[in-house]
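Hello,

Here is the structure for you to look through. My notes follow below it.

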Amino acid sequence: MLLSLLKILFFFAVVLLVALGAVNLSETGQMLRIEYAGTEYVLTPVKAVVALLILMVLAWLAFKALGLVLAFLRFLAGDETAINRYFDRSRERKGYAALGEGMLAVASGEGKLAQDKAAKAEKYLNMPHVTNLLTAQAAEVAGDKGRANQVYRTLLQDDRTRFVGIRGLMRQKIDEGDTATALLLAQKAYALKPKHRELQDTLLDLEMRQHDWKGARQLLKDKRRQGDLPQDVHIRRDAVLALQEASEVLAQGNSISAREAAISANKASPDLIPAAVLAARSYVAQKDYRNASRVLEKTWSVRPHPDIAAAYAEIAPDETPSARLTRFDRLVAKNPNDEESRLLRAELLLAAEDFPGARRALGDLADTHPTVRTLSILAAVERGEGADDSVVRGYLARALTASRGPQWVCDKCHNVMAHWAPVCDSCGGFDTLTWREPEDVRSVATATKGAEMLPLLVGPPKAAPEASVPVAEVSPAPQAPRPPENRPADRPVSRRVEIADVAPGMVPRESDYVTLEPASTVTTPESVPAPKAATLATSEARPDVVVIQAEATPIADPDPALSMPRLDPVPVRPDVEPPEDAEWTEGKARR
């Protein structure tokens with residue numbers, strides 16, 4: 001506010017002074033007299049001031065005209081003049097405009113327009129390190145790989161654009177699948193700019209693809225030294241790379257170096273399960289069973305896993321089930337409340353045939369967290385305790401549609417892998433696999449088509465088999481079928497009896513029914529009446545034996561050889577199959 005007031009006051013003061021000066025000049029009586037070539041000019045003070053201003057303007061115009069004439073003469077002589085600079089500035093404006101429009105076209109994916117603008121910018125601008133880059137990017141967007149490759153090779157000749165050229169060629173080789181050449185170009189680019197983060201990640205990915213684990217570990221050290229990687233993350237990733245390096249060294253036959261690398265990886269990251277397993281097996285190969293047990297027990301206390309239990313069993317492979325159960329108590333005690341520990345103990349008790357103990361160790365896992373492994377263990381317990389087959393089949397049917405439990409799942413893309421690996425097969429993420437249960441359990445559980453119908457087919461599980469007398473089922477007497485045309489008319493039609501061939505207390509299935517046919521004698525159709533239906537009877541001495549009685553009416557033919565014999569009562573045990581050579585089994589059709 002004060003500054004604005006001062007400006008206004010200053011303006012009025014200047015106006016006042018000019019007005020006072022003009023008044024003073026108009027009131028003075030002095031005149032300006034100029035005599036030139038015998039002519040005298042008399043000017044008042046006001047006219048003299050105006051004449052002075054006009055004279056100054058004319059002098060400025062004269063100097064400008066003189067400068068223009070001199071510039072035109074230098075232009076004719078070939079020297080750089082203002083005209084050249086004017087046209088140069090016009091070309092620069094057009095070039096920068098084309099450059100900006102070309103960059104926008106590249107960003108929007110318009111390859112043809114970008115190429116046109118890049119050519120125009122290259123025509124107007126004398127800046128090849130900028131216009132060549134735009135030309136290469138425009139060629140990539142347009143799909144002209146050859147043109148882009150040629151321009152990138154041109155950029156290699158300039159120190160200012162060498163890194164850009166190498167990076168562009170590297171990206172082209174990656175797109176083409178030439179990983180080896182891309183790795184060499186990435187190493188050259190890394191030598192030019194070792195602090196480029198994107199290039200570091202690309203180089204690390206290429207080194208892992210080419211199994212250059214030593215180079216990848218050195219790159220992690222450089223990133224840690226530059227402060228781009230936290231120390232705990234560096235230790236974990238270095239352990240993963242050391243483990244993978246040890247696995248490949250072991251595959252090549254150099255067991256000593258592999259053992260040292262595996263042991264160092266386990267020391268760096270005790271929760272890395274594959275490193276602990278490989279280190280334990282290295283100790284076992286050296287017959288150092290104490291350190292092998294110590295490594296596995298330490299890892300089990302942090303993260304239990306079935307591979308750890310398998311490696312723990314390899315320490316003493318020839319021990320008895322009871323001795324193994326006693327030795328595994330030390331391992332289970334490191335993390336007794338974990339679900340994996342309870343499942344492991346239940347499996348060990350199953351191997352020792354302690355089925356009640358296995359049921360107690362399993363607890364309520366089959367209800368709170370039913371998985372394939374949990375239900376399979378419970379089915380084995382039921383089988384070992386002598387439960388009905390329908391109970392076992394019921395649990396196995398549930399296991400087919402249950403979750404598979406914890407697996408190696410990628411935290412980045414949720415891909416499920418059968419075995420651990422440092423890089424995900426789906427997204428290529430490094431050290432992203434975690435031993436956990438997939439989030440989308442339903443999609444995994446319903447992978448088997450038709451498995452959801454199994455409980456309906458096998459029936460619901462029973463608590464205990466009911467003690468009841470088995471009763472053989474007899475199908476109703478079917479009507480005699482009409483004989484086909486090619487069948488002789490003198491063959492009688494016999495009645496069939498179906499019984500269930502299962503053990504007592506078992507629920508018969510469709511395939512368990514056996515058809516029995518009575519023996520018959522060939523006779524004429526006029527002398528063979530229709531037999532009566534078969535009846536069931538129970539033996540007095542054996543209540544669990546069903547007696548099938550069939551009555552036949554004797555024929556009127558006096559010849560005893562042609563008469564139909566009476567069938568005697570035959571005992572049938574549903575739980576015992578008749579011998580193959582039994583006389584009364586003739587004509588029986590088995591299924």
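**The second largest pocket**

Helix H13 gives the most to the lining of the second largest pocket, with five residues. The model is predicted: local features need pLDDT of at least 70, side-chain atom pairs count only at pLDDT 80 or more, and totals for chains, interfaces and linings use all residues. Residues are numbered from 1 along each chain as its sequence is written, and side-chain values use heavy atoms, without hydrogens or water.

The pocket holds about 580 Å³ of space. (A pocket is an open set of points on a 1 Å grid over the protein atoms alone, where a 1.4 Å probe fits, with protein on both sides within 12 Å along at least five of seven lines; lining residues have an atom within 4 Å of a point.) Its lining has 23 residues, and Asp307, Trp408, Ala418, His419 and Trp420 are the closest to the centre. H11 (231-251), H15 (306-313), strand E3 (407-410) and strand E4 (416-417) are among the elements that each supply at least two lining residues. Helices (H or I, at least four residues) and strands (E, at least two) are DSSP runs.

**The cores**

The largest nonpolar core has 90 residues. H13 (residues 273-285) also gives the most here, with eight. (Such a core joins buried Ala, Val, Leu, Ile, Met, Phe, Trp, Tyr and Cys through side-chain atoms within 4.5 Å; buried means under 20% relative accessible area, 1.4 Å probe, protein chains only.) Phe328 and Leu344 have the most contacts inside this core. A second, separate core of 10 residues includes Ala114 and Leu125.

Best wishes

Notes
Buried < 20%, exposed > 50% of the residue type's maximum accessible area, 1.4 Å probe, protein only. Points joined across faces, edges and corners; volume = space filled by probe spheres on them.
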